[in-house]
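Here is a short report on the fold of one protein chain. Keep the structure open while reading and find each element as it comes up.

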Amino acid sequence: MKFPILQTLSGQAKRRVIAMTCAAVVMAVADASAQQATITPNYKDADLAQIVDAVSAITGKNFIIDPRVRAQVTMLSSTPMSPDAFYQAFLSILQVHGFTAVETGNIVRVIPMANARTSPSIDLPDRVSATSDEIVTQVITVRNISAVQLVPILRPLIPQEGHLVASPSSNVLIISDRANNVNRIMRIIARIDQAGDGDIDIIQLQNASSGEIVRVVNTLFTAGGAAAEGGGGAMQVKVVADDRSNSVLITGEASQRLRIKTLITHLDTPLESGGDTQVRYLHYAEAEKIAAKLKEQVQGVTQAAPGGAAAASAATADRNVTIWADAQTNALVITAPPKMMRQVMSIIDKLDIRRAQVQVEAIVVEIDSDKASELGLNWGATGNDSAGNPIPLGVFNQAVGGTSLGDILRGIANPSAATTIPNGLTLGGGRFDQAGGGMNFAVILRALRGDANTNIISTPSIMTLDNEEAEIKIAQEVPFITGQYTNTGGGTTGTTTGTVNPFQTIQRQEVGTILKITPQINDSGSVLMKIEQEASSLAQGTSGAVDLITNKRTINTKVLVDDGGVIVLGGLIEDNLREGENRVPFLGAIPLIGELFKTRSVKKVKTNLMVFIRPTIIRDGVEAAFETNSKYNLIRDQQLQRGNGNVRMLPGEKQPTLAPIEELSKYPPVAPPTAPAVDEAGARQNTTNEGVRVVPSTPISRPTPEAPAAAAPAPRASPR
């Protein structure tokens, strides 16, 4: 295809010659596979706007030229160019004159290069062209070296209008520049970003711990790396500890490996003073908690030192004391001068002791008695007029036990309605003459007596460490309706009928026995306990209630109880008597005759509720085994007595039972003592099995607690 001759833009002869030259170089060249337009551009001192016209005509792109874009362009070519090649040559012309082309959709904006940084460009292309002058933005991931280190190296290769920045957290570079230059930068980074020396040095430690050495080296280089490398350096070596062989593995740049090997060799030397560092394995306490408390103690001792030389010496001692905990082995690593070491070890001896345990048994007893009685007469009488129609003469209709004369009559008239049949005793009589002669009447006598007795015993028990809160919860999740919505009618709006789905909101609450305690053992053998006790149950339905009803008894208190003693926490004794009488005024007060015009009811409710608590101190494993064996054998005995161990209707099958405690316990059976022991202060020690049933086949006893040893237990030997 041939391009039309470009029209002249001015009347000057030079402009006409240039326009005629531009038109002459546009020709059509037939390709072997397809028809494609080519152009052989030749411009001399041409206005940039004319070249934009030619590029728009041959490429079909739409251009918007910034008013600041002004230039006289000279471009000479001896070979035909394709539209894409001509467009790339056009971009090179813009770069030479300090301009650029930014594509946004179908529009190409020609703007000064200084504004290209803030204009949208090709972001994160899959492939960056090595020949294009388009503005692109690319993110380059650096894998082996620090991206921050590359910024001062690559910055001279980026023009002033370009942009280069590093992200230290993700170790990436962000570059915004022309595509050909970005492609060049990416090739340079690929050459620089090479893995370092692959050799690995292994250092076998003799005195120090490999994990501690690696921690010190990494801390040193992480803290001083930024300053040493000018603010962007990263350690070019990797140091890893092998705890199994107590070795340190080093890989990376050779010179830095040599420096680190020298440092590790210096650190792996025995201390001149010998015993300034000790590892103390704890038996009962938690190393992390003890380490924090010991640090506070050391700081407090040094701050309490007097001024002058003593204060300076204390400050120096504080800096020389390090305490840290190893949670895996529950050990303390302590470095301190001999005097401070002795103080710290003395504190640990008193804190790392076996803590006593407390078994708490709660007894919740509730006895309720509910008695009710109702008695009364209902009657009615009718006569007939001269025409034989019934005429009411009188009626006394008062419900007794929820049933009245009208309910009885409805039940007689409709026997299929089972709900109308009353409870209790009902006697009656009357005369019914449908022929219309004489008076009709009906009389019923209603009598109802109700007795209800409740006897509940709940004995939850729980064991916990001294000064540790414990909670036992034996409850059910009972649903209670908290809200509901029902649609009783259908609403319409215009021609649309609205429908609403009914729903209910339900909240579940715990109903049962909940015991929460925090015991504290005193030196006198008593136990100070903070107790939160709750006993709740579902009550029978009450008239007027919309949902379930719960009975809740809670006690929040703090008491002091001797070891093995029983104390009452609280309770309730309630006796209610309710008497009621419904009668007709005046008539109901007449002797004898008044019984026809009244009903009576009596209800008596008696409630007895008591809560007891019994703590037992468990000082060692033998005492714990005693209490455990007692409960274990009690349950096993119940299983053995159930059906004599056999399964009904399944001959040869046995009831599932627990294994004998001797197969599980490491303590041998001990004969029970004959009398409780008494200590020097006269406090009773719970050494018998009072209140606990023990199976005779496995006689066990709870021995007298021994006094704690004066000397602290020796530290556990190092596993190494």
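This is a predicted model: local features need pLDDT of at least 70, side-chain atom pairs count only at pLDDT 80 or more; totals for chains, interfaces and linings use all residues.

Strand β14 covers residues 247-252 and is joined to β12 by 5 bridges. Within that pair, Ile-200 stands opposite Thr-251 of β14.

## The chain as a whole

The chain has 12 helices and 30 strands. Of its 720 residues, 32% count as buried. The chain exposes about 43800 Å², and carbon and sulfur atoms supply 55% of that area. Among contacts with a separation of 6 or more, 66% join residues 24 or more positions apart.

In soluble globular proteins, nonpolar side chains tend to be buried together. Which residues have the most contacts inside the largest nonpolar core? They are Leu-48, Phe-63, Phe-86, Tyr-87, Phe-90 and Leu-94, in a core of 26 residues. Six elements each supply at least two residues of this core: β3 (42-47), α2 (48-59), β5 (72-76), α3 (83-96), β6 (99-104) and β7 (107-112). Helix α3 gives the most, with 7 residues.

Leu-48 shows how this part of the chain is put together. Setting aside neighbours within four places in sequence, Leu-48 is in contact with Val-69, Ala-71, Val-73, Phe-90, Ile-93, Leu-94 and Phe-99. A second, separate core has 22 residues, including Ile-462, Val-559, Val-611 and Ile-617.

## A four-stranded sheet

Another open sheet has 4 strands in the order β23-β26-β27-β28, with antiparallel pairing. Strands β23 (470-485) and β28 (549-562) each have a single partner strand, so one side of each is left without a neighbour in the sheet. The twist averages 20° from one strand to the next.

Strand β27 (residues 526-539) pairs with β28 over 14 bridges. Ile-531 stands opposite Thr-557 in β28. Ser-536 also lies in β27. Is Ser-536 buried or exposed? The cut-off for buried is under 20% relative accessible area. Ser-536 has 11% relative accessibility, so Ser-536 counts as buried. Leaving out residues up to four places away in sequence, Ser-536 touches Glu-510, Val-511, Gly-512, Asn-551 and Lys-552.

## Strand pairs in figures

Strands of a sheet pair through backbone hydrogen bonds, either parallel or antiparallel. The pairs tabulated here run antiparallel.

| Strand | Partner | Bridges |
|---|---|---|
| β12 | β14 (residues 247-252) | 5 bridges |
| β27 (residues 526-539) | β28 | 14 bridges |
| β18 (residues 357-384) | β30 (residues 598-618) | 20 bridges |
| β29 (residues 567-583) | β30 | 16 bridges |

Strand β30 pairs with β18 and with β29.

## Helix α5

Helix α5 has 14 residues (179-192). At 1.5 Å a residue, α5 should span 20 Å, and its end C-alpha atoms are 20 Å apart, which agrees. Which residues of α5 are buried? They are Ala-179, Asn-181, Val-182, Asn-183, Ile-185 and Ile-189. The elements covering them include β9 (135-141), α4 (147-154) and β11 (172-178). An α-helix has 3.6 residues a turn, so residues three or four places apart point the same way.

## Two asparagines with positive phi

Asn-171 sits in the loop between β10 (163-167) and β11. Phi of Asn-171 is near 55°, a positive value in a residue other than glycine. Asn-171 is buried, with a relative accessible area of 18%.

Asn-467 lies in the loop between β22 (461-465) and β23. Its phi is near 65°, again positive in a residue other than glycine. Asn-467 is partly exposed, with a relative accessible area of 45%.

Key
Residues are numbered from 1 along each chain as its sequence is written. Side-chain values use heavy atoms; hydrogens and water are left out. Buried means under 20% relative accessible area, exposed over 50%, partly exposed in between (1.4 Å probe, protein chains only). Contact means heavy atoms within 4.5 Å. Accessible areas come from the Shrake-Rupley method with a 1.4 Å probe; for residues, only the protein chains shown count as cover. Two strands pair if DSSP finds at least two bridges between them. A nonpolar core is a set of buried Ala, Val, Leu, Ile, Met, Phe, Trp, Tyr and Cys residues joined through side-chain atoms within 4.5 Å. Axes are lines fitted to C-alpha atoms, for helices over the stretch in contact, and angles run from 0 to 180 degrees between N-to-C directions. The expected span of a helix is 1.5 Å times one less than its number of residues.
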